[in-house]
Amino acid sequence: MLILNRLRFASSLRRVCGLGLYVGNDQSVLKHLPSTSGCEAFVTVFTLNGSGSRRSSGVCSKTLHFLEHFKSNQFPATSLLKRRCGMISRTFCTVLKKLHCWKCEARLQTPPAFFCPACLVIQPLDENINFFDIMDCEISFALDVRKLQKRYMHLQRSLHPDNFSQKTQQEQEYSESQSALVNRAYRTLLKPLSRGLYMLELEGMKLEGDPGCGLSLEFLQDILEISERLAETQSQEEASDIWHFVRGKLENLIGEINKSFSEGDLNRAKVLLAEMKYFANIEEKVKDKVSQIQ
């Protein structure tokens, strides 16, 4: 039996979030969507709500390839569809070919599936799932940190290896890998710099291998002057002044980076994240300097 990918759109063509993106009539798109065999159940769902947010789950690679053929005045390209005003929707992901429990073979829920809903056994690690999905957060630089922390505590209470000390060796190994992945996801998304770098990585972009990264000579000279001033000072008051200056720069960068991601300007976001990396490095040096002076 063929299972057809479904897209849920507004019934008429309309503009979304002022980004020049459009969504089309169900039938005009549905007839072009790829189908898949019964052993690979791909389900694609896009939802538009009043705030303009979009969520997706289980987008098969054929559908992604299909979406890339549409122009902005017909249907948003995959990378643009993920963005909305102030936020970015979940990353498109390919559902596992066979979403079944390794023990009882019951059908699992859409990833991330940490436990089987039937036998409640912990499931193996899915390394392809992104950190935002693991932490049940929208892909957004302006992430809800409080929600992230609550999700982290909930997952760690469920997945911590101590809970599986009397279970099978396989379940203990799954617990260790799942718990480690949750820790890594939490640490990455908690801080703005690592969160932004990860968002670039999801888009296939990295700072590594691009030393200059579009930074101006004036910016690099300013960083050098601040570093030299910090290295020479023996005054806790002056070190504190440098710290406050750097914190102000970092706060401004957070707002600018969020705006760049919201507008889909990844190149600008990359440059700003490179600047943030320099200031974050100085901030750590200030902390070391203060401890030395004391």
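I started at Tyr186, which is found in helix α6 (residues 169-190). Helices here are DSSP runs of H or I with at least four residues, numbered from the N terminus. The model is predicted: local features need pLDDT of at least 70, side-chain atom pairs count only at pLDDT 80 or more, and totals for chains, interfaces and linings use all residues. Residues are numbered from 1 along each chain as its sequence is written, and side-chain values use heavy atoms, with hydrogens and water left out.

**Tyr186.** I looked up its burial. Tyr186 counts as buried, at 14% relative accessibility. Buried means under 20% relative accessible area, exposed means over 50%, and partly exposed lies in between (1.4 Å probe, protein chains only). I then checked a contact across the chain. The C-alpha atoms of Tyr186 and Met135 are separated by 7.3 Å. Along the chain the two residues are 51 apart.

**Helix α7.** I listed the buried residues of α7 (residues 192-202). They are Leu193, Arg195, Gly196, Tyr198, Met199 and Leu200. Gly204 follows α7, and its phi is positive, near 80 degrees.

**Negative patch.** Next I went to helix α8 (residues 217-232), where Glu225 lies. Glu225 belongs to a negative surface patch with Glu218, Asp222, Glu228 and Glu232. For the patch rule, residues need over 30% relative accessible area and no salt bridge, and like charges are joined within 9 Å. Asp and Glu count as negative. The charge is placed at CG of Asp or CD of Glu. Areas come from the Shrake-Rupley method with a 1.4 Å probe.

**Salt bridges.** I found five salt bridges in the structure. The rule is a side-chain nitrogen of Lys or Arg within 4 Å of a carboxyl oxygen of Asp or Glu.

I took Arg247 and Glu251 to begin with. Their closest N and O atoms are 2.7 Å apart. The two residues are separated by about one helical turn, because they sit four residues apart in helix α9 (residues 236-262). Arg247 is partly exposed at 24% relative accessibility. Glu251 is partly exposed too, with a relative accessible area of 44%.

Arg247 also forms a salt bridge with Glu283, at 2.9 Å, N to O. This pair links distant parts of the chain: Arg247 is in α9 and Glu283 is in helix α10 (residues 266-293), 36 residues apart. Glu283 counts as buried, at 10% relative accessibility.

I then noted Glu256 with Arg268, whose closest N and O atoms are 3.5 Å apart. Glu256 is partly exposed at 35% relative accessibility. Arg268 is partly exposed, with a relative accessible area of 37%. Shared partners join Arg247, Glu251 and Glu283 into one salt-bridge network.

**Cysteines.** How many disulfides are there? I counted zero. A disulfide is a pair of cysteine sulfur atoms within 2.5 Å. Cys104 counts as partly exposed, at 35% relative accessibility. Cys119 counts as partly exposed, at 29%.

Notes
Patch = residues over 30% accessible without salt bridge, like charges linked within 9 Å, V, L, I, M, F, W, Y side chains within 5 Å.
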